[in-house]
Amino acid sequence: GTPSAAPSAVPTALCRDRATYRSLEGLTCADLTFLVELVACPQLGTVGIHRIDVLTITANCPDTCGYCATDPPSSSPSLVLSGSSLPSAVPTTFLQSPSVLRTNSRSFAPSLSEPPTVGPS
């Protein structure tokens with residue numbers, strides 16, 4: 001059949017790239033891994049991929065395109081530190097007070113901790 005323009009809402013259980021797929025330019029799904037991290041598969045035409053290849057890549061490389069199901073996220077945060085580089089859900093006390101840290105660099109925004117001055121300084 002004809003592939004749909006968009007991935008299905010519920011991917012099949014055996015969602016994987018077609019190993020024998022080659023684009024008109026001879027590219028495999030694996031060849032496109034880095035590129036599709038920068039541009040979504042349906043948008044590959046914006047970086048010079050032929051219109052027909054965009055359709056066939058989307059249909060034949062669902063895993064590479066990110067259309068395969070992943071495990072659902074947990075319903076609550078973990079109690080064990082993961083060592084992630086992502087920001088914490090609750091800021092630390094140190095970051096809650098903007099006047100705690102002073103720098104010698106100039107700012108283009110007015111200071112929140114000092115009233116504006118009037119006249120020469």
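User: What sort of model am I looking at, and how are the residues numbered?

Analyst: This is a predicted model, where local features need pLDDT of at least 70 and side-chain atom pairs count only at pLDDT 80 or more, while totals for chains, interfaces and linings use all residues. Numbering starts from 1 along each chain as its sequence is written, and side-chain values use heavy atoms, with hydrogens and water left out.

User: What does pLDDT say about this model?

Analyst: pLDDT is the predictor's confidence in each residue, from 0 to 100. Here the mean is 75, and 49% of the residues reach 70 or more.

User: Which secondary structure elements does the protein have, and in what order do they run?

Analyst: Helices (H or I, at least four residues) and strands (E, at least two) are DSSP runs, numbered from the N terminus. This protein has three helices and zero strands, and from the N terminus on the order is α-α-α. H1 covers 33–38, H2 spans residues 51–60, and H3 covers 93–96.

User: How much of the chain is buried, and how big is the accessible surface?

Analyst: Of the 121 residues, 17% are buried. Accessible areas come from the Shrake-Rupley method with a 1.4 Å probe; for residues, only the protein chains shown count as cover. The total is about 10400 Å², and 60% of that belongs to carbon and sulfur atoms.

User: Which cysteine does Cys 15 pair with?

Analyst: Cys 15 is joined to Cys 68, with S to S at 2.0 Å. Cys 15 lies in the segment before H1 and Cys 68 in the loop between H2 and H3, so this bond ties together parts 53 residues apart in sequence. The S-S torsion is about -75 degrees, so the disulfide is left-handed. As for other spacing around Cys 68, its C-alpha is 9.5 Å from that of Asp 17, which is 51 residues apart in sequence.

User: What about Cys 29 and Cys 61: what is their S to S distance?

Analyst: It's 1.9 Å. The pair links distant parts of the chain, with Cys 29 in the segment before H1 and Cys 61 in the loop between H2 and H3, 32 residues apart. Cys 29 is buried at 5% relative accessible area, and Cys 61 is buried at 0%. The torsion of about -80 degrees makes this disulfide left-handed. Leaving out residues up to four places away in sequence, Cys 61 touches Asp 17, Tyr 21 and Cys 29.

User: And how far apart are the sulfur atoms of Cys 41 and Cys 65?

Analyst: They sit 1.9 Å apart and form a disulfide. Cys 41 lies in the loop between H1 and H2 and Cys 65 in the loop between H2 and H3, so the bond ties parts 24 residues apart in sequence. Here the torsion is about -95 degrees, so the disulfide is left-handed. Cys 41 and Cys 65 are both buried.

User: Which residues have the most contacts inside the largest nonpolar core?

Analyst: In soluble globular proteins, nonpolar side chains tend to be buried together. A nonpolar core is a set of buried Ala, Val, Leu, Ile, Met, Phe, Trp, Tyr and Cys residues joined through side-chain atoms within 4.5 Å. The largest one here has 13 residues, with Cys 41, Leu 44, Ile 57, Cys 61 and Cys 65 having the most contacts inside it.

User: Where is Thr 64, and what is it in contact with?

Analyst: Thr 64 is in the loop between H2 and H3, and its 17% relative accessibility makes it buried. Beyond its neighbours within four places, Thr 64 is in contact with Asp 17, Cys 29, Leu 32, Thr 33 and Val 36.

Note on methods: Buried < 20%, exposed > 50% of the residue type's maximum accessible area, 1.4 Å probe, protein only. Contact = heavy atoms within 4.5 Å. Disulfide = S-S within 2.5 Å.
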